[in-house]
Amino acid sequence: KVLGSEVMQVHCDNDLTVTGHLSGRIKIHRIKVMVGDQVCVSVSPNDPSPGLITYRPSDKQSENLIRE
């Protein structure tokens, strides 16, 4: 779910919902993150509700992640 231009609500595999902000590298390289994409989110162990979207695998890489 998109909450703003750089903020998204991410549902994790362990039924946790994280508010993810796009990292600077994703913004600089203009990597598009769409609804339904698999992403890697960095969260703090102290407060897991906010997070930083650090990586979005390509289509081929996401297929390999699903198989593993």
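Predicted model: local features only at pLDDT ≥ 70, side-chain atom pairs only at ≥ 80, totals over all residues.
**Entry 1: strand pairing.** I began with strand β1, residues 7-11, and its partner. Strand β1 pairs with β2 in the antiparallel sense, over five bridges. Within that pairing I looked up Val 10, and its bridge partner in β2 is Val 18. The hairpin of β1 and β2 has five residues between the strands, and Asp 15 in this hairpin takes a positive phi near 60°.

I then followed β2 to strand β4, residues 50-55. These two strands pair in the parallel sense, over four bridges. I noted two positions along this pairing: His 21 stands opposite Leu 52, and Leu 22 has Ile 53 as its bridge partner.

Next I turned to strand β3, residues 40-43. Strand β3 pairs with β4 in the antiparallel sense, over four bridges, and a hairpin of six residues joins the two strands.

**Entry 2: the faces of β2.** Which residues of β2 lie on the covered face, and which on the uncovered one? Across residues 17-22, I find Val 18, Gly 20 and Leu 22 on the covered face, whereas Thr 17, Thr 19 and His 21 make up the uncovered face. In a regular strand, side chains alternate between the two faces of the sheet.

**Entry 3: the core and Ile 53.** I listed the largest nonpolar core, which has six residues: Met 8, Val 10, Leu 22, Ile 26, Val 33 and Ile 53.

**Entry 4: cysteines.** How many disulfides does a search of the whole structure find? The search finds zero. Cys 12 counts as partly exposed because its relative accessibility is 26%, a value between the 20% and 50% limits. Cys 40 is likewise partly exposed, at 35% relative accessibility.

**Entry 5: Ser 5.** Where is Ser 5 found? I located Ser 5 in the segment before β1. Ser 5 has a relative accessible area of 71% and is therefore exposed, the cut-off being over 50%.

Methods:
Residues numbered from 1 in each chain as written. Heavy atoms only, no water. Core = buried A, V, L, I, M, F, W, Y, C linked by side-chain atoms within 4.5 Å. Buried < 20%, exposed > 50% of the residue type's maximum accessible area, 1.4 Å probe, protein only. Pairing = 2+ DSSP bridges. Disulfide = S-S within 2.5 Å.
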